[in-house]
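Trainee: Please take me through this chain, from its overall make-up to single residues.

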Amino acid sequence: MPVCPACGFSNPDDGRACGRCGLSVDLFGPVREAAGLPDSDPQFGRAVQEILAAVGDANQANDAVPDRVPGSGYLSRPSLSASGSPPTAGPRPIDQMPSLPSAYGVAIARRQVDEYLQIARRQGIDTGDFADRARLAVASNDAGSFEVLGRELFIHIAGAFTEEFESLVARRNALSAVVSTSGPDVEFESCRSALALGDLGGAQRRLRHLDDTLGRLEEEWATVEVLVGQAELLAETIRELGGDPAAALGPLAEGRRLAKAGDVASAEAVLAKAGLALWSVLEPAFLTELARQKTAILAARDAGQDVAPALAEMREIAPALRRRSFVTVIGSYRRLRELSGTVGGVPVADAGPKL
């Protein structure tokens, strides 16, 4: 029985795709071969060297690049926005000003100002001007001065907390594409409620707890996030070059399912193979596209233009692929095509749905 190289499932002989992750049986061989290679496909490396030689850069084709552990390229966070999976419904936004607690009398108003200043300091919010005004209010012992100062301090801190809340929501949304965020979501609602009630101390405690919780999740799931982004970037590039990644998308979906179930190790293993599967689909078209870019570079060189930046990007592709850093490969390719101004032989501005 054929064993899927992406998820390890034993499939019937007559199946057209893996019964567990959906990888096309036609890709079993290429993925298994790619996973077993210590380096990238030698054919690809030779092709890149031939392109460099054709543009008069043969001596640079094998520039020394520090060797890295195969697969370590996966641990480089994508520098390009590639996520095509929407986050789960996030926390509700803070769409109105929190309620300002009442303060009557000098003692209560002064205590409120002191509390706000302490909260601001703990959260790293600048209160230099407010602190100076508080000292003047203490000297005059005027209830009206304390009330005005307390109101302005509250607005200042509440605004800073609202911005931080939105920043944390953005981090939560990025994580929710790969992992369940049900725990933090409860805390977000509690924080939102505290702000709505004007409880700045309670809101601060929840903001700090959310920051710590999301930090732990980001650290635990960093590799999964990178692998998902990498796979989506490969799929996007396949479509840009006129191909269809459908046959290789199954492991990506299975990896996401495992991640949502909380199985980090299994998700990482399957998502790593998802990248190999998608690269197997992309590679032929990618080689053809690089040949087109070679033609564009030659034309630019013959026209007297500086092609050094394009050659630098071309030289980065082969060693990046040797490290299995597909994000770096695609990044270099995209910068290369911007320099040449074409995608698939079509001007970038006219490339239509391919770009």
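This is a predicted model: local features need pLDDT of at least 70, side-chain atom pairs count only at pLDDT 80 or more; totals for chains, interfaces and linings use all residues.

Mentor: Residues are numbered from 1 along each chain as its sequence is written, and side-chain values use heavy atoms, with hydrogens and water left out.

Trainee: How many helices and strands does the chain have?

Mentor: Helices (H or I, at least four residues) and strands (E, at least two) are DSSP runs, numbered from the N terminus. Along the sequence the pattern reads α-α-α-α-α-α-α-α-α-α-α-α-β-β. The count is 12 helices and two strands.

Trainee: Is leucine 214 buried or exposed?

Mentor: Leucine 214 lies in helix 7. Buried means under 20% relative accessible area, exposed over 50%, and partly exposed in between (1.4 Å probe, protein chains only). With a relative accessible area of 0%, leucine 214 is buried.

Trainee: How far apart in space are leucine 214 and proline 184?

Mentor: Contact means heavy atoms within 4.5 Å, and the residues that leucine 214 touches, not counting those up to four places away in sequence, include Pro184. The two are 30 residues apart in sequence, and their C-alpha to C-alpha distance is 7.5 Å.

Trainee: Is arginine 208 buried or partly exposed?

Mentor: Arginine 208 is also found in helix 7. Its relative accessible area is 43%, so arginine 208 is partly exposed.
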